[in-house]
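Dear colleague,

I am passing on the structure below, together with some notes on what was found in it. Please read the two side by side.

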Amino acid sequence: MNRTTVPASVTTRRPRSSVVVARSAAALGAAALLALAAPLAASAHVHVEPGQAEAGSYETLTFKVPNESATAGTVGLVVDLPTDTPFTSVSYEPLPGWTTEVTTSTLPEPVELDGATITEAPTQVTWTAQGGTQIAPGQFQQFVISAGAVPDTGSIALPAHQRYSDGTVVDWADATPASGEEPEHPAPTLYVNDAPPADEHAGHETDDDTTTAGLSTSGDSASGSGDAAVGPLAIGLGIGGLALGALALVVSVVALTRRPRATASGASTSGRVDA
C-alpha cells in the first residue's frame with residue numbers, strides 16, 4: 001500500500017507590520033495635505049501688489065487672481081478705479097489670450113487736483129479672455145496696470161469682479177476693518193497714508209517689517225511674485241489640520257494592533273490515497 005500526502009493549501013497573509021506602515025503613511029499624507037490646503041484656502045483671494053504706495057508716485061499695480069472654482073475657469077476680471085480720488089493716468093500691460101479695456105468716464109463730482117479741475121478720469125479696467133483662454137482650477141493669473149499719480153489719501157479700495165465660465169460672478173468688494181479681520185470677499189486695497197491692517201504685509205517692506213520679514217513667502221513658481229505672510233487664521237487652520245492628521249494616525253495604529261490574529265486554514269491537513 002502506497003501512501004501519498006496531498007499538501008494542503010495555505011493562505012498567505014501580508015505581514016501586519018507592512019499594513020501598519022502603509023496605513024500610517026496614508027494617514028500622514030492626508031494630514032500633510034490638509035495642513036497645506038488650510039492656509040492656501042485662507043489666503044486665496046484677489047489682491048493687489050504692492051499693497052502700499054507713496055502719494056504722487058506712479059505705481060505698477062499687479063492684481064493676482066486665483067481660480068477658486070473646482071469646476072469652472074475664470075474668463076473675466078473687472079477692476080473699479082476710484083472716482084472721489086481718481087487716477088489721472090492708467091495704462092495696462094498686454095496679456096496674451098486676453099483683451100484689455102480702460103474705461104474713462106465723467107466723474108460724479110469734479111475733483112480739484114494740483115490747481116486743476118478734473119471732470120473725467122479712468123474709472124474701470126476690464127480683462128476678457130479670448131478663445132479657449134481661462135484661469136483653470138488650481139491656477140492663478142496676474143493682471144498688471146500702471147496708475148498715477150497716486151492720490152494723497154488714506155487708502156484706495158479697488159473692488160474686483162471675477163467672472164467664471166459658468167456665469168458666476170464673485171465680487172471682491174468688502175472693506176477690511178481697521179482691526180485687520182479679513183471679510184469673506186475683501187476688496188483689493190492700496191494703502192497710501194494709512195497703515196495696512198495688522199495682519200497685512202502688503203508689498204512694500206518698511207523698517208517695522210524687518211522683524212517679520214522671515215514669515216513672508218518670497219515667490220511663486222508660476223509667477224515669481226510673493227504672497228503676504230500667512231495670517232493668524234491660516235496658521236491656526238494649518239495647526240488644526242496637523243492635529244486631525246495625527247489623531248487619524250493614532251486611531252489607525254490602535255485599531256490595527258487590536259485586530260485578532262488571522263490563522264491559516266488547513267495548514268496541517270493531509271489526505272491519504274490508497275494504491
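Two strands pair if DSSP finds at least two bridges between them, and strands here are DSSP runs of E with at least two residues, numbered from the N terminus. The model is predicted, with local features needing pLDDT of at least 70 and side-chain atom pairs counting only at pLDDT 80 or more, while totals for chains, interfaces and linings use all residues. Residues are numbered from 1 along each chain as its sequence is written, and side-chain values use heavy atoms, leaving out hydrogens and water.

An open sheet of four antiparallel strands runs in the order 1-2-7-4, and its edges are strand 1 (47-49) and strand 4 (89-92), each of which pairs on one side only. Strands 1 and 2 are joined in the antiparallel sense over three bridges, and H47 stands opposite K64 in strand 2.

The structure also holds two aromatic pairs, where rings of Phe, Tyr and Trp (its six-membered ring) pair if their centres lie within 6.5 Å, and planes under 30 degrees apart count as stacked, over 60 as edge-to-face and the rest as tilted. W98 and F143 form an edge-to-face pair, at 5.1 Å centre to centre and 85° between the planes; because W98 lies in strand 5 (residues 98-113) and F143 in strand 7, this pair ties together parts 45 residues apart in sequence. The rings of W127 and F143 have centres 5.2 Å apart and planes at 55°, so that pair is tilted.

Best regards
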